[in-house]
Amino acid sequence: VVANCPPQKKKKSNDPDPPPFEFGSTRILKEKKQANDFAMTIGLNIFEKYMITSKNVLLGRIKENLVPSHLSFIPNMEDFFRFRVDKTPMEKFNNLASQLCQEIKKKLDDNCRKYRTAQKKYFKFEKNLLKRAGQQEQENHAQEEFKEILKTKAQLKEDMQRQWKLARL
């Protein structure tokens, strides 16, 4: 007997504050802070490359966008790039994709560099611990040998004294 069950619907996550871009294949963009950082750097690139050099932009608009920490900076740059830059949509997409790729590579290189330096520090720390442990073992071993030498010397002295006493008798 086969039971007919209706297919279950997938639940969508309703995020009230989604990141500026989110690709399923790139994990790094799923974090809102990093996605916002990427959007900020791309917005700054658009501002420097297109908005400042454009003759059709009012000075008040440029002064308004001089502060990248302003809340409307990223949407202003997006609107400017979409509607005011004279490029085909494919060229715009390629431009944004190449900038985003470069920023992701920089971020990954920074993360790898940080990881390698932390790993080197950890290896040096472990190496120093092993050296210290080895030095302590060597010191303990040397102390034990020294104690044994002192005991043998004391025994030799006692034996010599006994021999002397026996020789006098």
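## Working through the helices

N76 counts as buried because its relative accessibility is 11%; the cut-offs are under 20% relative accessible area for buried, over 50% for exposed and in between for partly exposed (1.4 Å probe, protein chains only). Before we go on: the model is predicted, so local features need pLDDT of at least 70 and side-chain atom pairs count only at pLDDT 80 or more, while totals for chains, interfaces and linings use all residues. Residues are numbered from 1 along each chain as its sequence is written, and side-chain values use heavy atoms, leaving out hydrogens and water.

**Exercise 1. Find the element that holds N76, then list its contacts beyond four places in sequence.**

Step 1: N76 belongs to helix 3. Helices here are DSSP runs of H or I with at least four residues, strands are runs of E with at least two, and both are numbered from the N terminus.

Step 2: Skip the neighbours within four places in sequence, and N76 is left touching R61, E64 and N65. A contact means heavy atoms within 4.5 Å.

**Exercise 2. Which residues of helix 1 are buried, and which helices do they pack against?**

Step 1: Go along helix 1 and pick out the buried positions: Q34, A35, F38, A39, I42, G43, I46, F47, Y50 and M51.

Step 2: Look at what sits against those side chains. The buried residues of helix 1 pack against helix 2 (59-64), helix 3 and helix 4.

Step 3: Q99 is buried because its relative accessibility is 8%. Leaving out neighbours within four places in sequence, Q99 is in contact with I42 and N45.

**Exercise 3. How many aromatic pairs does the whole structure have, and how are the rings of F47 and F73 arranged?**

Step 1: A search of the whole structure turns up 3 aromatic pairs. The rule takes rings of Phe, Tyr and Trp (its six-membered ring) with centres within 6.5 Å, and calls planes under 30 degrees apart stacked, over 60 edge-to-face and the rest tilted.

Step 2: For F47 and F73, the ring centres are 6.4 Å apart and the planes meet at 65 degrees, so this pair is edge-to-face. F47 sits in helix 1 (residues 32-51) and F73 in helix 3, so the pair ties together parts 26 residues apart in sequence. Both F47 and F73 are buried.

Step 3: Y50 is buried because its relative accessibility is 13%, and F81 because its value is 3%.

**Exercise 4. Are C101 and C112 buried, partly exposed or exposed, and how many disulfides are there?**

Step 1: C101 has a relative accessible area of 35%, so C101 is partly exposed. C112, at 38%, is also partly exposed.

Step 2: Apply the disulfide rule, a pair of cysteine sulfur atoms within 2.5 Å. The count comes to 0 disulfides.
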